[in-house]
Amino acid sequence: FVIGLSIILVLAIMALSANVVYPGNPSSIGLYARDLKPSWEHPLGTDTLGRDVFIQLLHLPRNPI
């Protein structure tokens with residue numbers, strides 16, 4: 001229970017602080033970074049348009065893409 005609750009709290013804090021940690025437009029296209037595998041710069045990789053998947057997930061509740 002404690003582990004599950006702490007995971008949910010960490011994800012909630014990350015989602016609430018997404019604009020502070022990663023300001024800007026999460027749907028901006030970066031054609032130079034298309035289909036990259038996960039790395040330190042892009043923790044979940046990028047999609048076919050070069051958008052960072054991790055940043056899209058953080059901003060999803062407020063800015064649906």
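**Terms and values in a predicted chain**

Author: Of the 65 residues of the chain, 25% count as buried, a term that stands for under 20% relative accessible area, with exposed meaning over 50% and partly exposed the range in between (1.4 Å probe, protein chains only). The model is predicted, so that local features need pLDDT of at least 70 and side-chain atom pairs count only at pLDDT 80 or more, while totals for chains, interfaces and linings use all residues. Residues are numbered from 1 along each chain as its sequence is written, and side-chain values use heavy atoms, with hydrogens and water left out.

Reader: Why does Asp47 count as buried?

Author: The relative accessibility of Asp47 is 17%. The limit for buried is under 20%, and therefore Asp47 counts as buried.

Reader: Why is Leu16 called exposed?

Author: Leu16, a residue of helix α1, has a relative accessible area of 70%. Exposed requires over 50%, so Leu16 is exposed.

Reader: What makes Leu60 partly exposed?

Author: Leu60 belongs to the segment after α3. Its relative accessible area is 42%, and partly exposed covers the values between the limits for buried and exposed; therefore Leu60 is partly exposed.

Reader: How many helices and strands are there in the chain?

Author: The chain has three helices and zero strands, in the order α-α-α from the N terminus. These elements are DSSP runs, numbered from the N terminus: helices are H or I with at least four residues, and strands are E with at least two.

Reader: Which residues does Asp47 touch, not counting residues up to four places away in sequence?

Author: Asp47 lies in the loop between α2 and α3 (53-59) and touches Ala33, Arg34, Asp35, Val53 and Gln56. Contact means heavy atoms within 4.5 Å. Asp35 is placed in the loop between α2 and α3; leaving aside neighbours within four places in sequence, Asp35 is in contact with Thr46, Asp47 and Thr48. The C-alpha atoms of Asp35 and Asp47 are separated by 5.1 Å, although the residues are 12 apart along the chain. Asp35 also has a phi near 55°, a positive value in a residue other than glycine.

Reader: How do you know that Asp47 forms a salt bridge with Arg51?

Author: The closest N and O atoms of Asp47 and Arg51 are 2.8 Å apart. A salt bridge is a side-chain nitrogen of Lys or Arg within 4 Å of a carboxyl oxygen of Asp or Glu, and therefore the pair of Asp47 and Arg51 qualifies. The structure holds one salt bridge, and both Asp47 and Arg51 are buried. Side chains of opposite charge can pair when their charged atoms come close.
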